[in-house]
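Subject: Structure handover

Dear colleague,

I am passing on the structure we spoke about, and my notes follow below it. Please read them with the model open beside you.

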Amino acid sequence: MGDATPKQKERFSRAWLIAAAAAANFTYAIVADDEHGVDMTVHDSFGTLDFQLKATSVPDLADGCLLHDLDVRTYDLLRSTNRSSYGVLALIVVGEDTATWHSMDDHGTSLTRSAYYLPLFGMPPTTNTATIRLKVPLSNLLTADALKSLMAAQSSRWAA
């Protein structure tokens, strides 16, 4: 198939989050206008997670983390504790050839390579003016269980 366009990477990122949300039995919504740094939201009966989705076919790795430069405006929007929901960065790593992204046979469907997350809610401010380099631990796989843990943390804010 060949190299991916930014829009194709964006659509594939949504597929990752949709699959994890469905496996967690959560609902989701695609945000049409990314005005507030949110591409998708994931919901359960008690809370909401706001996701900024990014994809890369050339991951930058250091010390067991993926490095990602996020624009400061989006970082500030998602880290704010004045939000009603958790702001989370989802970083999806894809192959350079789009033909490797998805496979299906009579044994199942596979999305490749991996998806990771970094909760930004409550992160410290930055003095940077353009971008901030974030470290996304490779242990933070974006799975259904990870979504459940994030949702539990989000919901516990309102229980106190």
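This is a predicted model: local features need pLDDT of at least 70, side-chain atom pairs count only at pLDDT 80 or more; totals for chains, interfaces and linings use all residues.

Residues are numbered from 1 along each chain as its sequence is written, and side-chain values use heavy atoms, with hydrogens and water left out.

Helices (H or I, at least four residues) and strands (E, at least two) are DSSP runs, numbered from the N terminus. Strand 5 (residues 65-71) is largely enclosed by the rest of the structure, because five of its seven residues are buried, that is, under 20% relative accessible area with a 1.4 Å probe and protein chains only. Strand 5 runs antiparallel to strand 4 (residues 60-62), to which three bridges join it, and the two form a hairpin with two residues between them, where Asp-63 in the turn has a positive phi of about 50°. Strand 5 is also joined by seven bridges to strand 10 (residues 131-137), again antiparallel, and His-68 stands opposite Leu-134 in strand 10.

In helix 2 (residues 72-79), the buried residues are Val-72, Thr-74, Tyr-75, Leu-78 and Arg-79. They lie on the same side of helix 2, because they cover an arc of only 160° around the axis, taken from the directions from the helix axis to the C-beta atoms.

Among the 27 residues of the largest nonpolar core, Leu-17, Val-42, Leu-49, Phe-51, Leu-142 and Leu-147 touch the most other members; such a core is a set of buried Ala, Val, Leu, Ile, Met, Phe, Trp, Tyr and Cys residues joined through side-chain atoms within 4.5 Å. Apart from it lies another core, of 14 residues, including Ile-132 and Leu-134.

With best regards

Terms used
Buried means under 20% relative accessible area, exposed over 50%, partly exposed in between (1.4 Å probe, protein chains only). Two strands pair if DSSP finds at least two bridges between them.
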